[in-house]
Amino acid sequence: MRVTVVGAGVVGTMHAWQAVERGHEVVQIEREAEARGASLRNFGQIWVSGRAEGEELETALRARELWEEIGGRVPALGFRANGSLTPVRGELERAVAEAVVARPDAAVRGRKLLTPAEARAINPALRGEYDAALYCERDAAVEPRTAQLALRAELLKHPNYTFLPGREVREVVGEGAVRDDHGDVHAADVVVLCTGAWLGGLVRELAGPDLPVRRVRLQMMQTDPLGEPLTTSVADGDSFRYYPAYASQALDELNAGQAQAETASAHRMQLLMVQRADGGLTIGDTHEYEHPFAFDTVEDPYEHLTGVVESFLGRPLPKIRRRWAGVYAQCTDPGRVVHRQQVRDGVWLVTGPGGRGMTCAPAIAEKTADELGW
């Protein structure tokens, strides 16, 4: 079978990976020299903690297995089973943590509620003040800025894989055939469009104006090396308000009884933090849903995040090295992991994983391959 994958972000690259692994001839087309979207502008987390019970959690757990398997073959991914800790403060946040630890799915996520001393035994860098910490053993991480490059280097070892950068697919010209902006036609048995947050142009033409996917903008930052290991990913109690896995009566009571900080509420914020291979910390993030998005970044969210992180670490942050904004595509139905639609004969659109893209991409691609009979 011949497969054309359009898009070289993590979702597109995992589709190419699945097709090559199953013995097919693959052409992957990317409009940039390399992907520059949300697949690089994220935490690199394989984030099981906050996934909703049901299909979303099942997808994340399967993706976690696949990431570990692929990471064993491609060490440059930087896969590490680092787990996560969410320090909590006050009785209301603690009650949310206790509620999720009591659920039947706590075991498959590897959830435990730890004392501060137990948390510091796992992650000694968390020297600040907190009352307890929610641990999730199944969380993991990779290096987002280099993961696609590492995967592609492995794919290029296969004679049946071709990567064509700097080409934008402009039209579908037949069943399983597309034309790029160089005028070249790429014929295949199936085309998979993994165009990320690029939802206009050809995507709108093929899927129509009512595509159930929206764009979300975020702000993040990265520091100089911390100077010591941050052995787990770290979240804060605001992540309980954002991720569907924490929905409960205890969360309702938290929302009613403890308001978010003004800046966090205004920018729909939570703290997530991961240490990079070079020792720096990736820290975020905000969520902006109203269009048109701002073209600049604002400082208040960064100042808020700095304060939260320093309170957990019990020390000043290293110098901020980078700040950036990114945009990802998210299904408007929160119950859907991804939007997968046949838009023409032989042509499929796969988009809208939202903030789950890095976590779930291997399993999303596996399901596409299974459904299309690769």
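Tutor: A salt bridge here is a side-chain nitrogen of Lys or Arg within 4 Å of a carboxyl oxygen of Asp or Glu. The model is predicted, and by this rule the count comes to 28 salt bridges.

One of them joins Glu65 to Arg62, with 2.9 Å between the closest N and O atoms. Both residues belong to helix 2 (residues 55-73), where they are 3 residues apart, so about one helical turn separates them. Glu65 is partly exposed, its relative accessible area being 41%. Arg62 is also partly exposed, with a value of 31%.

Another salt bridge brings together the side chains of Lys157 and Glu154, at 3.0 Å from N to O. Here the two partners fall into separate classes of exposure. Lys157 has a relative accessible area of 62% and is exposed, whereas Glu154, with 15%, is buried. The cut-off that puts Glu154 in that class is under 20% relative accessible area, while exposed means over 50%.

Glu168 and Arg170 form a further salt bridge, and their closest N and O atoms are 3.6 Å apart. Glu168 counts as partly exposed at 22% relative accessibility. Arg170 is partly exposed as well, with a relative accessible area of 48%.

Salt bridges can also share partners: in this way Arg51, Glu56 and Arg356 are joined into one network.

Notes: Residues are numbered from 1 along each chain as its sequence is written. This is a predicted model: local features need pLDDT of at least 70, side-chain atom pairs count only at pLDDT 80 or more; totals for chains, interfaces and linings use all residues. Side-chain values use heavy atoms; hydrogens and water are left out. Helices (H or I, at least four residues) and strands (E, at least two) are DSSP runs, numbered from the N terminus. Buried means under 20% relative accessible area, exposed over 50%, partly exposed in between (1.4 Å probe, protein chains only).
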